[in-house]
Amino acid sequence: MKTLQRFGYPIFFVSMALLPHLLNSRWQAVAITFLIFAIVALSQDIILGKSGMFNMGQALFFGIGAYTTAILNSVYGWPLLATIPLAILIPAIFGVILAGPIVHLRGDYLLVVTIGFNIVFVQVVQNNLGGITGGPNGIFGLDAMSFFGIQLASQISVYYFAFAVLLLTLWVMRNLEGSKAGRALHYLREDQLAAESIGINTRIYKIFAFALGAGIAGLAGTVFATQYAAVSPEAFDFIQSVLFFSIVIVGGSSVPGVLIGVFVMFVLPEIFREFATWRFFIFGFAMIAAMILRPRGIIPASFGKIPKFLIKDSNYGG
Amino acid sequence: MDTFFQQLANGLTIGSMFALVALGYTMVYGVMRLINFAHGDMVAASAFVGLTIYTQVMGQATSLIAVIAIFLLSAVAMAIVGVILERLAYRPLREAPRLSAVVSALGASLVIQNGIMLIWGPQMRIFPELVPQVYWDLGGVVISLIQVIILALSLILMVALYLFVEKTRMGAAIRASSIDQDAARLMGINVNSVIALIFIIGSSLGAVGGLFIGLYYRGITFNMGWQYGLYAFVAAIIGGIGNIPGAMLGGMMLGLFNAFIAGYVSSTWSDAFTFILLIAILIVRPTGILGERVAEKV
């Protein structure tokens, strides 16, 4: 892991920074998709991997962010980038409101309830509640990205926008790990009872994790709306949540693991287009095989500054 | 009042299908503490297998014996799939972290769902009319023969399952394994066979549920398993996960609830209301109406 951190990350960041200049526009679009889904998967990792809450509705927050941007742009004429604060804040508030009554639920109950939230969201936007979500077709024809009047319509600028958001997400996650909140989340994931007994307010921290994960996913939603100039309900279907959930667990809740997961799930199908209909059939087998061969994920995360011998063997408490 | 009784009849029909499928979830969860996400897709697969048996094996016959044979063969096929599924995807992960088994179950679900698509195609198929279209008009409330058969057969199966679990030695082994697997093993119960048995029973009940879905709704699609599976799992939670009478009660309640929402509000909001009901019940009774009965893995 040490070598990977010393050399792997700089090489990854530099090549990602140069990447769009080496690709044609189709592959630029694929690269942007990779970045967007990587951000969402990492935000899912904050809730599921780092805090141990079985959240299977991450596409909900992704969707709320994307719809916030789309509605503010199409109905109220806000520039896309100006919607960022609200596209973070509104999903985060939803995270607090929705997580509040349910965070005490045990794993599998939480999982089903979060699936439920996701399904309800899709139904709400499909039924065009309030007449602003565009119904089953969604909202399309959003403006191009601009910065104080300067048009940034090219795909390369969208790519760098997405890349900046990814870097921001990684920075937030790195700081989280070293912070009081991050340690608290780690302890409560490992052993909630012990965490409570040493005075950690588990409820507050769990809601905090939901709000943080939701806010980042919401920001990814803004990038999504910018890239496609459109949002539609099926992009935030709960099947997407299932994929994000699986990516985090198969990846082992570590940054490289999650990025590999996103690459395999969303970029490989673009490379092997002729296998499109076989995609999920093969992925299903791959998920089973990955879990049997490496039950703790492809690249299991190790927690920051805690000595190895203090880390309990099972990474996910029951 | 006509709407009320009509939706009561519809709700009991849908509810008994939910209950049959929910039993598969709740029995597996009771012993293994695992949401068998592939169960819903096996229910869907059963409808397609039934369709193929009808066209290829039975030569499109709709005699009583042919119909019974379709049900039995589909149930046996799904029982075999269930045992293979447990052996390949779940048994190697019994000691692994919980979430690994969940992802394996999701993987199995994708495999079965897309397996159906690769074999039978992505388009909707029409399930054969195995039961004659007979309707009775009871003073404004229309009840079909299919509804009567679904309700009656489901009740018979559920009573039989209840008696099996409560009154037989094998049933006692199932109950013991869901209370404490290790203690059950120490008492000489072969937990592996109990789990295999649970997958046989759960999958064949699910298979019957899948054929009922085909008979009742007629249109079957490869991805319908998620929809019905999720509803059935919600039903199992509402009744109290791991609790066999709870799954029956939860299924019936959810079916009636859905029918009344469709009758009095709008069917376009049924998902939203279903999950609002689930959340409300979990807030009031966190372990479901009849309480959960599961082995607590520590």
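At what angle do the axes of helix α3 and helix α5 of chain A cross? The legends below refer to a predicted model, in which local features need pLDDT of at least 70, side-chain atom pairs count only at pLDDT 80 or more, and totals for chains, interfaces and linings use all residues. Residues are numbered from 1 along each chain as its sequence is written, and chains are lettered from A and ligands numbered from 1 in the order in which they are written.

**View 1. Helices α3 and α5 of chain A.** The axes of α3(A) (residues 58–74) and α5(A) (residues 107–126) cross at roughly 30 degrees and come within 9 Å. Axes are lines fitted to C-alpha atoms, for helices over the stretch in contact, with angles from 0 to 180 degrees between N-to-C directions. Helices (H or I, at least four residues) and strands (E, at least two) are DSSP runs, numbered from the N terminus. The two helices are therefore roughly parallel (angles under 35 degrees). α3(A) contributes A:Ala59, A:Leu60, A:Gly63 and A:Tyr67 to the contact. α5(A) contributes A:Phe117, A:Asn118, A:Phe121 and A:Val125.

**View 2. The side of chain A that touches chain B.** Here 34 residues of chain A are in contact with 34 residues of chain B (C-beta atoms, placed from the backbone, within 7 Å). α5, α10 (238–251) and α12 (279–293) of chain A each supply at least two residues. α5(A) gives the most, with 11 residues.

View 3. Strands β2(B) (residues 135–138) and β3(B) (residues 141–144) pair in the antiparallel sense over four bridges; pairing requires at least two DSSP bridges. B:Leu138 has B:Val141 as its bridge partner. Two residues lie between the strands, and B:Gly139 in the turn has a positive phi of about 60 degrees.

Conventions: Parallel < 35°, antiparallel > 145°, perpendicular 65-115°, else oblique. Contact = placed C-beta atoms within 7 Å.
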